[in-house]
Structures are given as structure tokens and as C-alpha cells.
Amino acid sequence: MYQKLIEIINTKIDVHSIKEKRKILLQPLIDFVQQKINNRQDININLICTHNSRRSHLSQVWAQVAAAHFNIPNVYCYSGGTEETALFPKVAETLISQGFSIFKITEMDNPVYAIKYSENALPIIGFSKKYDSPFNPVSSFAAIMTCSQADGGCPFIAGAEKRIPITFEDPKISDNTPEQSQVYAERSLQIATEMFYVFSKVSQ
């Protein structure tokens, strides 16, 4: 992994800081990952929020990085929304500040980003899409609902083997305020910490 990202992981991510009530929310995802490992199956995770612009992308990226950090193979993380918008630029800016290398593959209203956490690893592809986009898995995946609106608005996710609500407060509340950069950084690190906790709890 990139050196700055390693430093962020080592200094800013503390799984012991997670409250018990959050651990209870995270346990079904731990169980899903462990079951797939036990059965020697691929681990497909689709992280979903309303607009697929902020929380779901942060969750997708950090879940993939956490799996790589703990050397859990065959983990494939995706993201989607109940509607398609665009990856919010502040999300990319926040991830860059935390050690990722990001560049646009396409320039359009909904640009496609390559998000790299290591020089030699495949990039994570980030762009806004509906959760049932052909880009995402159609079966045998865990649907992780990262916002309460998507959780309430999508009572049924076709193809999901398991549906797990793990909601985060929307950093959008800080948009156009002096606190924006701090709020996005804090939300990114909260999501990172919880994804690292999940993958730290599984055994191969």
C-alpha cells in the first residue's frame, strides 16, 4: 500500500474505539464474510445509499482496503444507490488526502474514477450507479445499507443473499460550511475503522 495510507491506517484507525452498539450492527457482516470464507466462496459486498455519491463509495473503498490489509482473498466490493447521481468530488479529495491515488477515467456529468491504494493492486472503480446496475453482482452478495433513507426506501434488494443495515451520518450536512473538510475526513475514518474491525474479526 502507499506509504501515506499505511501511516493513516496505523495512526488514525483504532478498532478499540468502536462502541458496543456499533459492534452489534457490524456482526452480521462479519458472519457473512466468515461463512463465505468457510465455504471457500467469493465474498461479494454491495454497499448502498440513496445517491451513491458519498457514504457508499467511502464504504466500498475502505472495505476493499481492509480486506487487502488483512489478506482476506476473493473479496469484491461494489457500491450503488437507489438512484444514479455522481461521486461527490469532496469524497475523492478526502480519500486523496488520506493516502489514495485517484484519477478520472472519463470526464462527464457522472465521471468514472480509478481509486488506487497500492501501486500494484487493481484500482477500485468509482462512479455513481443504481444498486442493480449491470456493473454490480446480481446474486450471492450482501447488501449493506449505509443510509437510513435507502434502507427504508428499498425493502427488497433483488439477488441479495443477506441485507444488513450499517448506517452512517451523511457528511453532506457540512457542505458549504467551514467544517466540510473535517466532517468528510471524520466520516471517512469512521467508516474505515468499522470496515477494519469487520475484517479483523474473521479467520481463514
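How many aromatic pairs does a search of the whole structure find? The search finds five, where rings of Phe, Tyr and Trp (its six-membered ring) are taken to pair if their centres lie within 6.5 Å, with planes under 30 degrees apart counted as stacked, over 60 as edge-to-face and the rest as tilted. Before I go into them, please keep in mind that this is a predicted model, in which local features need pLDDT of at least 70 and side-chain atom pairs count only at pLDDT 80 or more, while totals for chains, interfaces and linings use all residues. Residues are numbered from 1 along each chain as its sequence is written, and side-chain values use heavy atoms, with hydrogens and water left out.

Let me start with Trp62. The rings of Trp62 and Phe100 have centres 5.2 Å apart and planes at 85°, so this pair is edge-to-face. Because Trp62 lies in helix 3 (residues 55–69) and Phe100 in the loop between helix 4 (89–97) and strand 3 (101–104), the pair ties together parts that are 38 residues apart in sequence; helices (H or I, at least four residues) and strands (E, at least two) are DSSP runs numbered from the N terminus. The pair of Trp62 and Phe196 is also edge-to-face, since the ring centres are 6.4 Å apart and the planes are at 65°, and it links helix 3 with helix 6, across 134 residues. Both Trp62 and Phe196 are buried, as is Phe100, where buried means under 20% relative accessible area, exposed over 50% and partly exposed in between (1.4 Å probe, protein chains only).

Finally, the cysteines. The structure holds zero disulfides, a disulfide being a pair of cysteine sulfur atoms within 2.5 Å. For Cys77, the nearest cysteine sulfur, that of Cys49, is 15 Å away, and Cys77 counts as buried at 7% relative accessibility. The sulfur of Cys147 is too far for a bond, because the closest cysteine sulfur, in Cys49, is 5.1 Å away; Cys147 is buried as well, with a relative accessible area of 0%.
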